[in-house]
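Subject: Structure for your files

Hello,

Here is the structure I promised to pass on. My notes on it follow below.

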There are 2 protein chains.
Amino acid sequence: MQKKTGFENSPNQRSKMKKNIKLVLSYDGNAFSGWQRVDNAKENKPSIQKLLEEKIEEITGQKEKVTGSGRTDAGVHALGQVANVQVDTEYSEEQMKHELNERLPAEIRVMDVTFVGASFHSRYDAVSKTYLYRIDTKERECVFTRKYVYPAGGHLDLNAMREAASYLVGTHDFKGFCTDRKDGKPTVRTITEIRITEEKNNYHGQEVRIYVTGNGFLYHMVRIIAGTLLEVGRSERDIESVRRALEEKDRSLAGQTLSSIGLCLEKVEYKK
Amino acid sequence: MQKKTGFENSPNQRSKMKKNIKLVLSYDGNAFSGWQRVDNAKENKPSIQKLLEEKIEEITGQKEKVTGSGRTDAGVHALGQVANVQVDTEYSEEQMKHELNERLPAEIRVMDVTFVGASFHSRYDAVSKTYLYRIDTKERECVFTRKYVYPAGGHLDLNAMREAASYLVGTHDFKGFCTDRKDGKPTVRTITEIRITEEKNNYHGQEVRIYVTGNGFLYHMVRIIAGTLLEVGRSERDIESVRRALEEKDRSLAGQTLSSIGLCLEKVEYKK
């Protein structure tokens, strides 16, 4: 319960007391329709944004917009999504985290709550994001990872994948590597790193992990990059074709859009 | 569809053609009521044994008992459970695996099918089993591991746990480390190894993993061993008390029975 402050009827006073709350969130994408609140959605899964706004309202009595660092699509997971919301509360950071987790379903957890300066904006202030795309390269189905890892089956040529990835690092027009939303918005982005590792997972699986870090991502961009690199790893496409898809800004020259199942927003970074 | 062989009406001929099929199974314990078929069960989750028997019957037209290397309890996972069933089939090993996986829910997978000698028995012939108990030692809730790892929260003293575990290795009467079923059956078992590791998991978690290998396990034995070692790791119990619980064969002197959530049957081994 919120304590009464005596300022409830004074909008001016009230706005002075608002806290800007930064949330670090982890969620299992399988349980949600994606980040964005869609009013009158037909989908029976809730959106993450809507769910958070409802719980914030339950806790504080205030209907406020929760802003995410970006919209993750339906099915996409997050280990460290960041969001912020401005509300009037007397709860401490720890209390707010506890109150939210008490009310949220187990498939989403608030990992961290911090009160930040009034100017902090989870989307505009983000300087980089890292996405992880996980690919299982053993020819098997795994009951434990099936909702989190893309089952590609079979050996991948990591050296070829890394060489192809190197063409994508830097500042480029990624028009060929996104699903065009026909909104005319700029498609230039900077990828600072693509790191590709191979490791055993907890279930005797063998995974190739593609970590992509950049200043921002276009619609489906990481999934198309992963799909293109997967085709290179399988020797279904040559390395040169990746450079060509980039230069010619032609979506049809890049690879398939891989499923959301293997995609996870690992972290979002801000200026210190 | 099975090809007709012309022997359908001749029980003698038919039994000669029976194949003894060894199955290696992986399952997510959350989806099942446990291994054992319970007729007229009230539980809405299916038992693994019953499900396999139904699918075998669908494929071969024969109602046969599927025998497991042991009964895993409700909620317990398996990476490499072994079972066998004797049926008359003209399918190859690969075809049988395919037919089963086509029909089984995604939470259980047949990892391997082999036709073995008529005398092979998945329970009697097992020479050792390895169980894994997973404990998350970070103070956090994880949306990805919450159904597979026990959330213990906080540092554990691994050296103390390993020393306590060393008392349990060998041939002992484990009466103090099982839930008594009052069936008067012998409670002497041999543990050949308890290996305790600490590692990061795929989701930035920190896990302590307790691998227990032995010739057989009593009811709740691994979960009580894990619970006892957890208490040692937390310095809630001294190492000496573990030896005493074993020697005095007194359940009340051992630790808590940990939840099934962290338990997984890793593998079952047979004579070569």
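Of the interface residues of chain A, 100% are also interface residues in chain B, so the copies meet through the same surface (contact means heavy atoms within 4.5 Å). This is a predicted model, in which local features need pLDDT of at least 70 and side-chain atom pairs count only at pLDDT 80 or more, while totals for chains, interfaces and linings use all residues. Residues are numbered from 1 along each chain as its sequence is written, chains are lettered from A and ligands numbered from 1 in the order in which they are written, and side-chain values use heavy atoms, with hydrogens and water left out.

Chain A is superposed on chain B by a rotation of 180° with 0.0 Å of shift along its axis, RMSD 0.0 Å (least squares on the C-alpha atoms of residues with pLDDT of at least 70 in both). That is the relation of a two-fold axis. The C-alpha of chain A nearest the axis belongs to A:Asn202, 3.7 Å from it.

Over all chains there are 16 aromatic pairs (rings of Phe, Tyr and Trp, the last by its six-membered ring, with centres within 6.5 Å; planes under 30 degrees apart are stacked, over 60 edge-to-face, the rest tilted). A:Tyr148 and B:Tyr203 form an edge-to-face pair, 6.5 Å centre to centre with 75° between the planes. A:Tyr148 is buried at a relative accessible area of 8%, and B:Tyr203 is buried at 10% (buried is under 20%, exposed over 50%, partly exposed in between; 1.4 Å probe, protein chains only). Ring pairs also link A:Phe144, A:Tyr203 and B:Tyr148 into a cluster.

Regards
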